[in-house]
Amino acid sequence: MAAGNTSSVTEFILAGLTDKPGLQLPLFFLFLGIYVFTVVGNLGLITLIGLNSSLHTPMYFFLFNLSFIDLCYSCVFTPKMLNDFVSENIISFVGCMTQLFFFCFFVNSECYVLVAMAYDRYVAICKPLLYTVTMSPQVCALLMFSSYMAGFAGAMAHTGSMLRLSFCHSNVIDHYLCEVLPLLQLSCTSTRFNGLVFSIVVGVVIVTSSVSIFISYALILRSILRIPSAEGRAKAFSTCGSHVLAVALFFGSGAFTYLTTSLPGSVGQSRYASVFYTNVVPMLNPLIYSLRNKDVKLALGKTLKRVLF
């Protein structure tokens, strides 16, 4: 148990998605399929970008990191989730806090990586002649380092404030993973400070990310509309389509989850809404960036030819 925490709870029970025995096995195979698809898709995209020099550009450097985050993000809770479908839903106190930390770390980091990708698209479309200089390897590395550090700071704030609480009554978490709001419900001490930390961290992440992405795309749209030819405008739009779709899925599903949680008596229902951004979005991202991307499909074709022939 962490120093400074006077909790008498040494383990938690995860309620999971459902308590109906007849649904456990079908759900196990469903989420196993999603997990396998997520791991293969993201690991495949990481490998493809690493092996093909034609994809060693800022845009694909950010995509490499996005896939890495989605892969790690899924591995934080999905194996435990799958295990809970076929055995006891028990997680230790230390295991729960560890899961909470990495969950917050990867979610926050992904928000800022999406911001970096929006900035990359802004420079590519609005300042194409300065793209190579502006998006130098040093700048890209700094953007990624800042994204991970911001994610780390947010995760430390959530986990550190959680460790100061005492859990001495119920140990049943009404969720399939250790998340902030369901854990706060179990505390037998005041959670006012934790609520403040949660509001500040989530507010900063959402406002910073959404405002930055909105400004980037407002400027991009203005530049695209100034392009005289329809073909040129279509080409410019196509370079942003995948990122716009990824942003809409990630932020849209996250917003839906927390809006659902904020409704009276609906905290327990948030676990169903969470499935989309915790399981489905990481699975869809590789599809979004491969099926809609000519460079990725071309690199995949070349790689398969090298491997098979």
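Modeller: This is a predicted model, and in it Leu-14 stands opposite Ile-173, which belongs to strand S3.

Biologist: How many bridges join S1 to S3, and do the two strands run parallel or antiparallel?

Modeller: Strand S1, made of residues 11-14, is joined to S3 by 2 bridges, and the two strands run parallel.

Biologist: And what order do the strands of the sheet have?

Modeller: The order is S2-S1-S3 in an open sheet of 3 strands, and the pairing is mixed. The edge strands, each pairing on one side only, are S2 at residues 90-92 and S3 at residues 172-173.

Biologist: Which helix packs on the sheet?

Modeller: That is helix H3, residues 93-126, which touches S1, S2 and S3, and whose direction makes about 85° with that of S2.

Biologist: Switching to the largest nonpolar core, which residues touch the most other members?

Modeller: The core has 86 residues, and among these Phe-12, Phe-31, Met-162 and Leu-183 touch the most other members.

Biologist: OK, now H10: what does it reach from its first C-alpha to its last?

Modeller: Helix H10 has 15 residues, 294-308, and reaches 21 Å between those two atoms, close to the 21 Å expected at 1.5 Å a residue.

Biologist: Which of its residues are buried, and why are they on the same side of H10?

Modeller: Val-296, Ala-299 and Thr-303 are buried in H10, and they lie on the same side because they cover an arc of only 65° around the axis. The face turned away from that buried side carries the exposed residues Lys-294, Leu-298, Lys-305 and Leu-308.

Technical notes: Residues are numbered from 1 along each chain as its sequence is written. This is a predicted model: local features need pLDDT of at least 70, side-chain atom pairs count only at pLDDT 80 or more; totals for chains, interfaces and linings use all residues. Side-chain values use heavy atoms; hydrogens and water are left out. Two strands pair if DSSP finds at least two bridges between them. Helices (H or I, at least four residues) and strands (E, at least two) are DSSP runs, numbered from the N terminus. Contact means heavy atoms within 4.5 Å. Axes are lines fitted to C-alpha atoms, for helices over the stretch in contact, and angles run from 0 to 180 degrees between N-to-C directions. A nonpolar core is a set of buried Ala, Val, Leu, Ile, Met, Phe, Trp, Tyr and Cys residues joined through side-chain atoms within 4.5 Å. Buried means under 20% relative accessible area, exposed over 50%, partly exposed in between (1.4 Å probe, protein chains only). The expected span of a helix is 1.5 Å times one less than its number of residues. The arc is that of the directions from the helix axis to the C-beta atoms.
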